[in-house]
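Trainee: I would like to learn how to read helix packing, sheets and cores in a model. Could we begin with the helices?

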Amino acid sequence: MKALRVMGYIFAGIQLILSGVVLYLALSTNFVPMGYGIAAGAVILVLTALCIFLTTKKKKLTRIVSLVISILISIMMAFGIYYLLVTIKTMNDVTGITTEVDEINVYVSKDDAVQSINEAISNGYTFGLSATDDQAHINETISKIEGDVGATITTKEYDTIFDLITGFESGEIQSFITNAGSLVMYEGAAEENMNYSAKLKTIMENTIVEEIAEEEPAAVDKDHFCVYFSGIDTFGTVSAKSRSDVNIIAVVNNDTKQVLLVSTPRDYYVPLSVSKGKKDKLTHAGLYGVDCSENALEELYNIDLNYYVKLNFSGFQGIIDEIGGIDVDSEMAFTSMTEEGTYSFSKGVNHLNGEEALGFARSRNFKEGDRQRGRNQMQVIKATINKLETPSTLKNYSGIMETMDGFFQTDMSTEDIGYLVQSTLSDGNWEVLTYSVGGNDSTETCYSTGSQPLYVMLPNDEDVEYGTTIINRILSGEKLTQDEINVYLNNKDAEDIIDEDAVNTELTEEKDTESTEE
């Protein structure tokens, strides 16, 4: 009996210590409102006091019940400590990130006999360079090469990656030095360029970490702000500079609990901060850093973007799987064909796993191309937010946290995110609104591709202006409805149909006139 009582006191003490650690860690995440913390502390003290009280009783059964309760609570607290430590580690790893990685590689033909940069230099290779790569990083890589081998290398500069590869194919150069993302851009520019990297061999890698060049930030209103969501097109590290295929601005008003998602097509033809006014596809801005993408969107909409969130396709797919899939509302039935596979979606709600959700978000096989893809991407984000707000998410909480680490990063601080989580816990769910801008199809030359003409989308000024208007309305605290946004979109679509009919009528009349004259 005495041993049972001693064990009861010991486990009650362990229960109290573990519970205190859980409470401390929970508050340190900044996710738990102080009121919740105080309430939890009171519950901990009551439970501990109850177990101690039951341990003092003479009945053996009562002491056994007390001991079992203490053991069970201690086990629960131990699991709680594990989950919280995973959360804290992940949040430290993915938040407050103000650096990016530029991957500069040296390539030769896959069939080339040389296996190293030293051999290439010994064989007198000429190395090609692209003028549209970050020249400081290219020069740093060349300096590193020359410093390591103690020799000066021979280089030949080309205007763009396209001209460089043309020179490589013709034998003008035997190797080339470029940003890994530029090679991905080349592969995506035309069907005949796809998988070009399979023809190459990397003989040197130089990873350069640099600070994201952002203006000195003004004090951010934690209840009213804009976040740039960038979805890069790689399956590697999220910190690498790469094309940004998803470009969504999330406008957050914590007072009204509304989030407006504004999607801008990847092929929007806009000036870049690095191009001295020359226009390029918005997706190519990511090759020059997330700050370049942010600047392009800020100039387009005449707004300030306070934070960025960067996610790559690997992370996107993994997070969806970890939360048990999402229910996405599709505007239409369609089939998506990607490198990973073929997926079919029905009109209405579709339950999708990570791979299927990726196929849903990446498909461009629509009459409206990127316009519809942008809307689909926002539906995926909306469905993910809805799923993250459900209790079922807690079933694999640690898995979600571990998946985020390495595939997701943001310059928002843990405190900033914690403030939003606390607010959500205290004051209900978010309403997510969506809007996407459109434009006209065209073929133009771009800054990053030189004389190589590419498909682009010329911005619709009215769409952009309306986007700016509703962004400012959300920030000012005005309540919007999705129906109101849809009215604008439906009216615009009707006007587009009328315009198309007018053009077709005019062309018919011209043909009739020509026939009469003949």
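Mentor: Begin with the wording for angles: 65 to 115 degrees between axes counts as roughly perpendicular. Keep in mind that this is a predicted model.

Trainee: How is a pair of packed helices described in general, and what is the case here?

Mentor: Two packed helices are described by the angle between their axes and the distance between the axes. Here the axes of α6 (residues 161–170) and α7 come within 10 Å, crossing at roughly 85°. The two helices, α6 and α7, are therefore roughly perpendicular to each other.

Trainee: Which residues of α6 and α7 meet?

Mentor: From α6, Ile-161, Phe-162 and Ile-165 meet Ser-182, Leu-183, Met-185, Tyr-186 and Ala-189 of α7. By class, this contact of α6 with α7 has seven nonpolar residues, one polar and no charged.

Trainee: What should I look for in a sheet?

Mentor: Strands of a sheet pair through backbone hydrogen bonds, either parallel or antiparallel. In this model, five strands in the order β3-β2-β4-β1-β5 make an open sheet with mixed pairing. At the edges, β3 (154–158) and β5 (200–211) each pair on one side only. From one strand to the next, the twist averages 25°.

Trainee: How do β2 and β3 run, and how many bridges join them?

Mentor: They run parallel, and five bridges join β2 (residues 126–130) to β3. Ser-130 is opposite Tyr-158 in β3.

Trainee: Which strands does α7 lie across?

Mentor: Helix α7 (residues 180–189) lies across β1 (99–109), β4 (175–179) and β5, at about 95° to β4.

Trainee: And how many residues are in the largest nonpolar core?

Mentor: That core has 51 residues, and Ile-471 is among those with the most contacts inside it.

Notes
Residues numbered from 1 in each chain as written. Predicted model: local features only at pLDDT ≥ 70, side-chain atom pairs only at ≥ 80, totals over all residues. Heavy atoms only, no water. Core = buried A, V, L, I, M, F, W, Y, C linked by side-chain atoms within 4.5 Å. Buried < 20%, exposed > 50% of the residue type's maximum accessible area, 1.4 Å probe, protein only. Pairing = 2+ DSSP bridges. Helix = DSSP H or I, 4+ residues; strand = E, 2+ residues; numbered from the N terminus. Axes fitted to C-alpha atoms, helices over the stretch in contact; angles between N-to-C directions. Contact = heavy atoms within 4.5 Å. Parallel < 35°, antiparallel > 145°, perpendicular 65-115°, else oblique. Nonpolar A, V, L, I, M, F, W, Y, C, P; charged D, E, K, R; others polar.
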